[in-house]
Amino acid sequence: MNRCNNPLNALILIALSAMLVLAAALFSGSAAAQLQDPSATQNEAANGGRNFPVGTLRGKFMVVNAPEIQLDGQAERLSPGARILGSNRMLVMPAAITGQNLLVNYTRDAAGLVREVWILTPDEARAKRASAEKPLLNFWPFVADSGPRDDGKTPFDQLPRYGQ
């Protein structure tokens, strides 16, 4: 039994597949636009180091008992699948550096856990970088110091308009 004997059904199927291909092309173009601009990273390579992603913080790092760590003396956790990269750009297992105080650059994941850690060379350590005085979720736009906050008692006509 041929279920696609109506020419209209075949045309609809062709149109839907064309829309799917067009949507895939649009999304792949937007994904390419999301790649980081190298000028947006802090250029520590100019000082003999590596380029680190935007939002990377610096801190003193010590593995207590993996995944338990300390960052600047505060108890933290490594995220599942966290990577620790040594100064020689090779992966380092947490057990190999347990108990050592190291100067590192690190990033967090969406849950606030430490996701990537880079152990710094002396050249990279000389470059200035933001430290852990930033809020815990430094990538989250709602915790930034963006001006006055509404305490719930502001009259409706004095609230900022959309887009301001």
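A: Start with R50 and E124. In this predicted model, their side chains meet in a salt bridge, at 2.8 Å from N to O. The pair links distant parts of the chain. R50 sits in the loop between helix 1 and strand 1, while E124 belongs to helix 2 (residues 122-126).

The cut-off for buried is under 20%. Oppositely charged side chains can pair when their charged atoms come close.

How many salt bridges does the rule give? The count comes to 6.

Another of them joins the side chains of E68 and R77, at 2.3 Å from N to O.

The side chains of D123 and R126 meet at 2.2 Å, N to O. Both residues lie in helix 2, 3 residues apart, about one turn of the helix. D123 counts as partly exposed because its relative accessibility is 31%. R126 is exposed, at a relative accessible area of 59%. There is also a network: salt bridges with shared partners join R83, R115 and E116.

In strand 5, E116 is the bridge partner of T107. Strand 4 and strand 5 (residues 114-119) pair in the antiparallel sense, over 5 bridges. Their hairpin has 5 residues between the strands. Within that hairpin, G112 takes a positive phi near 90°.

Strand 4 (residues 102-108) has a second pairing. Strand 1 (residues 57-65) pairs with strand 4 in the antiparallel sense, again over 5 bridges. G59 stands opposite V104 in this pairing. Strand 4 is mostly covered, with 6 of its 7 residues buried. In a regular strand, side chains alternate between the two faces of the sheet.

Now the loops. D72 is not a glycine, yet its phi is positive, near 55°. D72 counts as partly exposed, because its relative accessibility is 36%. G73 is at 57% relative accessibility, so it counts as exposed. M62 is 11 residues from G73 in sequence, and 8.6 Å away in space, C-alpha to C-alpha.

The peptide bond from A66 to P67 is cis, with omega near 5°. P67 is found in the loop between strand 1 and strand 2.

R89 has a backbone feature of its own. Its phi is positive, about 65°, although R89 is not a glycine. R89 is placed in the loop between strand 3 and strand 4. R89 is exposed, with a relative accessible area of 56%. For context, most residues other than glycine have a negative phi, and most peptide bonds are trans.

A nonpolar patch is formed by L8, L11, I12, I14, L16 and M19. Together they have about 620 Å² of accessible area. L11 is found in helix 1 (residues 7-33). It is exposed, at a relative accessible area of 56%.

Finally, the whole chain. Its secondary structure comes to 2 helices and 5 strands. Along the sequence, the pattern is α-β-β-β-β-β-α. The chain exposes about 11800 Å², and carbon and sulfur atoms supply 60% of that. Take the contacts between residues at least 6 apart in sequence: 59% of them join residues at least 24 apart.

Definitions and conventions
Residues are numbered from 1 along each chain as its sequence is written. This is a predicted model: local features need pLDDT of at least 70, side-chain atom pairs count only at pLDDT 80 or more; totals for chains, interfaces and linings use all residues. Side-chain values use heavy atoms; hydrogens and water are left out. Helices (H or I, at least four residues) and strands (E, at least two) are DSSP runs, numbered from the N terminus. Contact means heavy atoms within 4.5 Å. Accessible areas come from the Shrake-Rupley method with a 1.4 Å probe; for residues, only the protein chains shown count as cover. Buried means under 20% relative accessible area, exposed over 50%, partly exposed in between (1.4 Å probe, protein chains only). Two strands pair if DSSP finds at least two bridges between them. Patches are made of residues with over 30% relative accessible area and no salt bridge: like charges are joined within 9 Å, nonpolar side chains (Val, Leu, Ile, Met, Phe, Trp, Tyr) within 5 Å. A salt bridge is a side-chain nitrogen of Lys or Arg within 4 Å of a carboxyl oxygen of Asp or Glu.
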